[in-house]
Amino acid sequence: MDLTLTPELTEFRDEVRTWFDEHLVGEFAEIAGQGFSWDDSFWDTRIAWDKELAADNWLCIGWPKEYGGRAASVDEQLIFQLEYARSNAPYRGSVQGQDLLGPTLLAYGSDEIKQRFLPRIIAVDEFWGQGFSEPGAGSDLAGLRTKAVREGDEWVIDGQKVWTSAGARADWLYVLCRTDPDAPRHRGISMLLIPVDQPGVDIRPIRNMLGGAEFCEVFFTGARTAVDMVVGDVNAGWGVAMGALGTERGTTLLAEHLRIAGEVRQMIGEARSTGASKRAVMRADLAQAWADAKVMEWNGLRLMSAIKGLGPDPDVHASISKVFASESHRRMGEAAMRAEGARSELVGEEYGLDRLQQIFMSSRAETIYGGTSQIQLNVLAERTLGLPREPRRD
Amino acid sequence: MQHSELEEILDGVRRFVRQEVVPLEGQIDEDDEIPTAIIEQAKAMGLYGFAIPEEYGGLGLSTYEEAQLVFELGWTTPSFRSLFGTNNGIAGHTLLEGGTEAQKKTYLPKLASGEWVASFGLTEPDAGSDPATMTTKAVRDGDDWIIDGAKRYITNSPVADVVMVFARTSPDKPPAEGVSVFMVPTSSPGLSIGPKDKKMGQAGAWSADVVLEGVRVPHSAMIGEQEGAGYVTAMRSLAHGRVHIAALCVGMAQRLVEETLQFALERKAGDTYIADFQLIQALMADSQTDTMAARALVLDVAQKFDAGTDTKMGPAAAKYFASEAVGRVADRAVQVHGGAGYMRGVAVERFYRDARLFRIYEGTSQIQQLVIARQMIRSAGNTGGR
């Protein structure tokens, strides 16, 4: 993609850069680069940082102005992400609503839903959790069994969700429910918005490999939500969940890739300080990690081009990018541990992990969530390349 | 040892591990402690001295026989093996390889019975897999030696009765000639044990720093009572220890393959058991192949180690391959389990964290690569290749 900036874009970049210089100070500067989707350390300060961004309209800048956005162009959004990464600002705490649910509501939500929820998401007033996977429906999401039955003006929801991202801090959940048990698997599903603060919703944290509880299991026992709290049409939830690949998803991916470049710089620093960089094999590992991070960055930029209609199908591109990034990030995690040497085995109080240990452990989940590498490759082979389908025994 | 006798021991250990220890794995991981009843049973079964000769009170297994026993131990949490790993392994072998007959007769029975726990004190804050940079020193004072220094990540030191402390006795000489080893009681004035290390995995296996400040021991505490023999003794103990750890990795890999298979046979995606998906089968097959290759290599290396025909390259290659292989097998086990494999309380998640350490202790993978390559180059030189 052409990265030559027009005078207008240069001016925009300078405005963003100046804003970060002036605002990423004090307690925010002290937690530069901290946090991630699975890491809720420094939570309160990070939420304060999100509100700092919100106060000057620097969240969800691509959203229409009526919901608090700036209606920014794709180029402007790209520039903003690059500047965000350059500033090494903390990872935002309110990503679920802003980057994942928000674009879906913009594309499929009723006017009432958009007006009710989007301004509070962008103002960092309400937090969201995602309720998709179930104990019996992970990568095979269409097999989900949580059901919602209409009763007067309400939906009554019964079932169980698991690996519910950000569940522990959520005020609301966006949940895939089966609303027509007789329809074919993909056609009887709806996306419901369900308030957490009610007796029928029980959220229990589950500890993951890192020892944290970013994921939860959620039990719905006669939980209720208003009948109009459906995103898109009733029984059309599958298409809503798969959604069009929004610009935000593209910029989110790019932001994560840029963040990985920062991790590689940290690994190199660590290898120098432990003396591991004196070994040729370690140097080769570091060079490989750096090269992989570069490829991720370029993939992210290409994806932005694709979203602007200047490249291949963004969905295919996102799938390619996901497999490459998750598999290479996992290799990077191994190299990060080797860079630390024996110290990599030690943890802090309460299973506290340093950044490089976090890469090792968190990256292990990346080839699983959002569709395993095996599923991604199967889909690419069968649908994109038209190769024969896997034979079924039945 | 008679074949039938070995089979009987292996059967007993297999039953004990699978019926008594496996059900407690989750608890051991949570509590970071192995229940006393398990420790006492391990002592009664002779597990503290299986690799110590019968004449010194052990079971007297050869390395080949020991490997088969350790395959069984590896089926459960590695912290179980760690209880008596140092007595049989690196610490016990320091006495066995380097001790005088009198030292062996006096002390090995205490290790073999579990009356004493012994630790191996080689690693230092700035000298891990490479003892050339070791700084702990021992200075002669009359009939005694005064030891000063610090040792790091010393397995079992929080419960040890004695530590085999490696120290420079001739600072001017290279390590191969200037290092001696002393058996130091942990009750010695000046010896202190740091707080237990908090580790990423292997909860229940305890390690800590050992600090020595002016610790006075008699000359009779020097293993072999011969100055400068420490380095060779350490290398011999480590070579044996590498075969031992390689066998442990095979045991864990076998367990992980079983966990993977059972999960794939029970878990459905849509209407299909995931074991019927070919990409899942590929993951399972790669793990099975890795495990079979590691097992065959360990048994071959153990036989040559017993015969004395390969005591360097083989142990390094077996430890390198088996520890990397179990890392790959654990990785695939998590992948096949999907989200469940990433959550605490699931066996493969725990093993994934446990397995990482195997690539570090008894010499990192990077050190094993160097050992292997140096042996290759040396042997080429012997036949005029260089």
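What follows is a chat about a predicted model with chains A and B.

Me: Before we start, how are the residues numbered and the chains lettered?
Reply: Residues count from 1 along each chain as its sequence is written, while chains are lettered from A, and ligands numbered from 1, in the order in which they are written. This is a predicted model, where local features need pLDDT of at least 70 and side-chain atom pairs count only at pLDDT 80 or more, but totals for chains, interfaces and linings use all residues.

Me: What's pLDDT, and what is the mean for chain B?
Reply: pLDDT is the predictor's confidence in each residue, from 0 to 100. Chain B has a mean of 94, and 98% of its residues reach 70 or more. The model as a whole scores ipTM 0.83 and pTM 0.89.

Me: OK, chain A. How many helices and strands?
Reply: Twelve helices and eight strands. Here helices (H or I, at least four residues) and strands (E, at least two) are DSSP runs, numbered from the N terminus.

Me: Why is chain A called as compact as a globular protein of that length?
Reply: Because its radius of gyration is 22 Å, close to the 21 Å that the globule rule gives for 394 residues. That radius is taken over C-alpha atoms, and the rule is 2.2 Å times the number of residues to the power 0.38. The C-alpha atoms of chain A fill a box of roughly 70 × 55 × 50 Å along the principal axes.

Me: And chain B?
Reply: Chain B has 13 helices and nine strands. Its radius of gyration is 21 Å, close to the 21 Å from the globule rule for 386 residues, so chain B is as compact as a globular protein of that length. Its C-alpha box is roughly 80 × 55 × 45 Å, taken along the principal axes.

Me: Which residues touch the most others in the largest nonpolar core?
Reply: Phe182(B), Val184(B), Cys249(B) and Val298(B), out of 145 residues in that core. Helix 9 (residues 230–266) of chain B gives the most to this core, with 16 residues. A nonpolar core is a set of buried Ala, Val, Leu, Ile, Met, Phe, Trp, Tyr and Cys residues joined through C-beta atoms within 7 Å.

Me: What does Phe182(B) touch?
Reply: Leaving out residues up to four places away in sequence, its contacts include Trp145(B), Ile147(B) and Met222(B). Contact means that the two C-beta atoms, placed from the backbone, lie within 7 Å. There is also a second, separate core of 64 residues, which includes Phe28(A) and Trp172(A).

Me: New topic: how many residues does each chain put into the contact between them?
Reply: Chain B gives 29 and chain A gives 32. On chain B's side, helix 10 (278–307), helix 11 (313–337) and helix 12 (347–355) each supply at least two residues. By class, that side has twelve nonpolar, eight polar and nine charged residues. Ala, Val, Leu, Ile, Met, Phe, Trp, Tyr, Cys and Pro count as nonpolar, Asp, Glu, Lys and Arg as charged, and the others, Gly among them, as polar.

Me: Is helix 4 of chain B covered or exposed?
Reply: Mostly covered: in residues 63–73, eleven of eleven are buried. Those buried residues pack against helix 1 (3–21), helix 5 (78–88), helix 9 and helix 10 of chain B.

Definitions and conventions. A residue is buried if 20 or more other C-beta atoms lie within 10 Å of its own, exposed if 12 or fewer, and partly exposed in between; C-beta atoms are placed from the backbone.
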